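Take a look at the structure shown here. The report below walks through a few of its features, one at a time.

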Amino acid sequence: MCIRDRVGGEGKGALFTQIPWVKEAFAKILGFEPFPGTVNVRVGGDPRSDRALRDIYEAEGVPVLPPEGSNFCPSRCFRARLSSAIPAGLVIPEVDDYSKSTLELLAPLNVREALGISDGDRIEVEIELESKLDTEILG
């Protein structure tokens, strides 16, 4: 599944991606330790992208469960690629108020620097909805 839309972000992902259990869980799922931060892609307006987004939210993904007693929410993760070149992971937090028009992506490097992109630029995201992993990753 492929979506091409605009980069945007809030700058909140850097702290989350550096929490030890988060780094470990996503390294197991994705095969890389995430760079400090995420790339957000705002999806909307294109019927194909909107349909792809619905398919993503209906897919199971790989469950990522926070440590017991923590204040973190569970999430789902999918393997992905950015601009056909950079391995990535799509993270969907399981919270009611999370924007369903935002793709939150992890990568092993600074994507903005590697691709020379900034907020408002378009990026292509390929997402594997059929994960080869069928185990839950516990924090």
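## Confidence in the model

This is a predicted model. The chain has a mean pLDDT of 87. Of its residues, 91% reach 70 or more.

One stretch calls for care. Over residues 134-139, pLDDT stays under 50. The model has 16 contacts for this stretch beyond four places in sequence. Where pLDDT is low, the predicted coordinates should not be read in detail.

## The aromatic cluster

How many aromatic pairs does the structure hold? There are two. A pair of rings is described by the distance of the centres and the angle of the planes.

Phe 16 and Phe 72 make a tilted pair. Their centres are 6.3 Å apart, with 50° between the planes. Phe 16 sits in helix α1 (residues 13-17). Phe 72 sits in the loop between β3 (62-65) and β4 (75-82). The pair therefore ties together parts that are 56 residues apart in sequence. Phe 16 is partly exposed, at 27% relative accessibility. Phe 72 is also partly exposed, at 37%.

Trp 21 and Phe 72 form an edge-to-face pair. Is Trp 21 buried or exposed? Its relative accessible area is 13%, and buried means under 20%, so Trp 21 is buried. Together, the ring pairs link Phe 16, Trp 21 and Phe 72 into a cluster.

Leu 65 belongs to strand β3. It is partly exposed, with a relative accessible area of 26%. In sequence, Leu 65 and Trp 21 are 44 residues apart. In space, their C-alpha atoms are 9.8 Å apart.

## The two sides of helix α2

Which residues of α2 are buried? They are Trp 21, Val 22, Ala 25, Phe 26, Ile 29 and Leu 30. These residues cover an arc of only 140° around the axis, so they lie on the same side of α2. The spacing makes sense. An α-helix has 3.6 residues a turn, so residues three or four places apart point the same way.

Now turn to the face away from the buried side. There, α2 carries the exposed residues Pro 20 and Lys 28. After the helix comes Gly 31. Its phi is positive, near 85°.

## Thr 38 and its partners

Thr 38 is in the loop between α2 and β2 (39-42). A polar contact of 3.0 Å joins its side chain to that of Glu 104.

What else does Thr 38 contact, leaving aside its neighbours within four places in sequence? Besides Glu 104, the list has Gly 13, Thr 17, Leu 105 and Leu 106.

## Cysteines without disulfides

How many disulfides are there? The count is zero. Cys 2 is in no disulfide. For Cys 2, the nearest cysteine sulfur is that of Cys 77, 18 Å away. Cys 2 is partly exposed, with a relative accessible area of 43%.

Cys 73 is in no disulfide either. Its nearest cysteine sulfur is again that of Cys 77, here 13 Å away. Cys 73 counts as partly exposed, at 29% relative accessibility.

How values were computed:
Residues are numbered from 1 along each chain as its sequence is written. This is a predicted model: local features need pLDDT of at least 70, side-chain atom pairs count only at pLDDT 80 or more; totals for chains, interfaces and linings use all residues. Side-chain values use heavy atoms; hydrogens and water are left out. Rings of Phe, Tyr and Trp (its six-membered ring) pair if their centres lie within 6.5 Å; planes under 30 degrees apart count as stacked, over 60 as edge-to-face and the rest as tilted. Helices (H or I, at least four residues) and strands (E, at least two) are DSSP runs, numbered from the N terminus. Buried means under 20% relative accessible area, exposed over 50%, partly exposed in between (1.4 Å probe, protein chains only). A disulfide is a pair of cysteine sulfur atoms within 2.5 Å. A polar contact is a pair of N or O atoms within 3.5 Å; within protein, one must be able to donate a hydrogen and the other to accept it, and residues adjacent in sequence count only if both atoms are side-chain atoms. Contact means heavy atoms within 4.5 Å. pLDDT is the predictor's confidence in each residue, from 0 to 100. The arc is that of the directions from the helix axis to the C-beta atoms.
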